[in-house]
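This report describes a two-chain model, taking the chains in turn. Please keep the sequence and the structure in view while reading.

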Amino acid sequence: MAQAQGLGRRYIKAFFKGFFVAVPVTVTFLDRVACVARVEGASMQPSLNPGGREASDVVLLNHWSIRNYDVQRGDIVSLVSSVSFWRSIPFATYTWCLNVVCLFLLRSPRNPEQKIIKRVIALEGDIIKTIGYKKKYVKVPHGHIWVEGDHHGHSFDSNAFGPVSLGLLHARATHILWPPQRWQKLQPMLPPERKPLHREQE
Amino acid sequence: MGARVVGTCGAGGWRRARWRAGRASWAPYHCRMLRNALGKAFRFLGYTVQYGCIAHCAFEYLGGIVVCSGPSMEPTIQNSDIVFSESLSRHFYCIRKGDIVIVKSPNDPKSNICKRVIGLEGDKVCTSNPSDFLKSHSYVPKGHVWLEGDNLRNSTDSRCYGPVPYGLIRGRICLKCRTQLGLYENVEHAAAHFNCYSLNFCLLYTP
C-alpha cells in the first residue's frame, strides 16, 4: 500500500516537473521561433491557395527572422489585423494549426485577434502609387510598411486601411508545407508594376 | 579491463575500492575534467533555456516590472518610476477607457510608450491641442485606441501620430511602486542609501 502511494506521488511529481518544462519551452518556441498555419481566402492567389477553399495551403511562419523587424520588398508576411472582424471569409485570414490551446479557446469571439497574410510592397520612405486608396500617391511613413495581396480587387490590404505599423508584424511565411505537391520555398518576389516610384533605401 | 568485483558486502569493499581506483587511473585526468566541464556546461545551458522560456511566458501572458522614463505621464507616473504591468487584460480584451497602457511605439517598433487610453473604437475624441481656438473632433476607427499622456503640454501621443492599433498594446499598468529614489540625481548615490527607504505600493487610480 505504501509503495503504491509512493509510486503515485512520484508520478505526480514527474508530471508536474515535465509540465513546467515542456509547456513554457513549447509556448516560447511557437511564439518566438516558428509555427505553422493554414491560409484561408483568395487574396494571395496565385501564390497561396490557388485551389480555393478545397485545398488550403499550410505555411511555415518564421518569427525568428523578423525579430529585428528587417523585411524586404516582396516578402510574404503575416500581420496582426488592425481591424477586428468576426467572419472574414472573402479575405485572406488564417487559423492556427498548433496554438496555445487555453488562450485561443478563451479568446473573445467579439474581437478575435485576426492575422492577415500579405506581401510587402513598400518600406518606409518609399513613394508608391495606390490602387483604390483615398490618396493616389502615398509616401510610407517612418516605422510603417505597405502590404498588398497578390489578387488585387479581392484583397483587404493597405489599399483599404493604409500603411501598417511595423509593430504589428507577426512572422514571415518562408515555406509551403502542405499539400505535398506544392512544397516550395517562398521567394521574395515584387511584381514589376508595383515597384515604388522612389526608393528611400537601396 | 580491470579486476572483476568479487564481493558485494563490506568485507569485499576494499577490493571494490581498489578496482575503482585502478579503473580510474585508466582514463587520463584531463579527459575526465573535460567530460565534467561539458556536463556542467550542458546542464547550465539547459537550466538557462528552461528559465528563459518560463520568463518569456510570464512576461508575455501574465505581466512584469517596467521602468518608465520621461515626463509625459506626470504627475501620475514620474520619471524613472517602477510600475507593474499585467498582460491578461490585453488577451481578454478588457482594456477600458482611462487605463494606463504600455504600447509599442507606432513609429519605432523597438521602443515602448506608456500612455492613458482616452477613447476606444467608436468614441468621439478631440484631436486639437488645448491651445487651439477651434476644436476639431473625430471618431476613433475600429480596432484602434486613442492615447494621451497625462502631461498634455509635454507629450507626443495620438494627437501627433493618430489612433493606435489595438494590436500594438503590450499590457496594462496596475500598480506603481512608490520609492524615494527620485530624490537623488544619480543612481549610484541612491543605491548606497537604498536600505534606508521603504518601498510602498499604491494602486493607481483608474476612473
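A residue counts as buried under 20% relative accessible area, as exposed over 50%, and as partly exposed in between, with a 1.4 Å probe and protein chains only. The model is predicted, so local features need pLDDT of at least 70 and side-chain atom pairs count only at pLDDT 80 or more, while totals for chains, interfaces and linings use all residues. Residues are numbered from 1 along each chain as its sequence is written, chains are lettered from A and ligands numbered from 1 in the order in which they are written, and side-chain values use heavy atoms, with hydrogens and water left out.

**Chain A**

Helices (H or I, at least four residues) and strands (E, at least two residues) are DSSP runs, numbered from the N terminus. Chain A contains three helices and 11 strands, and their order along the sequence is α-β-β-β-β-α-β-β-β-β-α-β-β-β. Of its 202 residues, 49% are buried. Contact means heavy atoms within 4.5 Å. When contacts in chain A between residues at least 6 apart in sequence are taken, 71% of them join residues at least 24 apart. Accessible areas come from the Shrake-Rupley method with a 1.4 Å probe, and for residues only the protein chains shown count as cover. The accessible surface of chain A is about 11,100 Å², and carbon and sulfur atoms account for 61% of that area.

Strand E1 of chain A (residues 34-40) is mostly covered, with five of its seven residues buried. Two strands pair if DSSP finds at least two bridges between them. E1(A) pairs with strand E2 of chain A (residues 58-62) in the antiparallel sense, over five bridges. One of the residues involved is A:Ala37, whose bridge partner in E2(A) is A:Val59.

A:Val71 sits in the loop between E2 and strand E3 (76-80) of chain A. Residues up to four places away in sequence aside, A:Val71 touches A:Ile66, A:Val77, A:Leu123, A:Ile145, A:Leu166, A:Leu169 and A:Arg172. A:Leu123 is 52 residues from A:Val71 along the chain, and their C-alpha atoms are separated by 8.3 Å.

**Chain B and its contacts with chain A**

B:His56 belongs to helix H2 of chain B. Apart from neighbours within four places in sequence, B:His56 is in contact with A:Thr28, A:Asp31 and A:Arg32.

The UniProt annotation "active site", from an unreviewed entry, covers B:Ser72 and B:Lys115. They are spread over 44 residues of sequence but cluster in space, with a largest C-alpha distance of 8.0 Å. UniProt positions are given in the numbering used here, feature names are shortened, and annotations may be inferred rather than shown by experiment. B:Ser72 is placed in the loop between strand E1 (63-68) and strand E2 (81-86) of chain B. With neighbours within four places in sequence left aside, the contacts of B:Ser72 include B:Cys114, B:Lys115, B:Asp150 and B:Asn154.

**Accessibility of selected residues**

| Residue | Relative accessibility | Class |
|---|---|---|
| A:Val71 | 11% | buried |
| B:His56 | 10% | buried |
| B:Ser72 | 13% | buried |
| A:Val25 | 30% | partly exposed |

A:Val25 lies in helix H1 of chain A.
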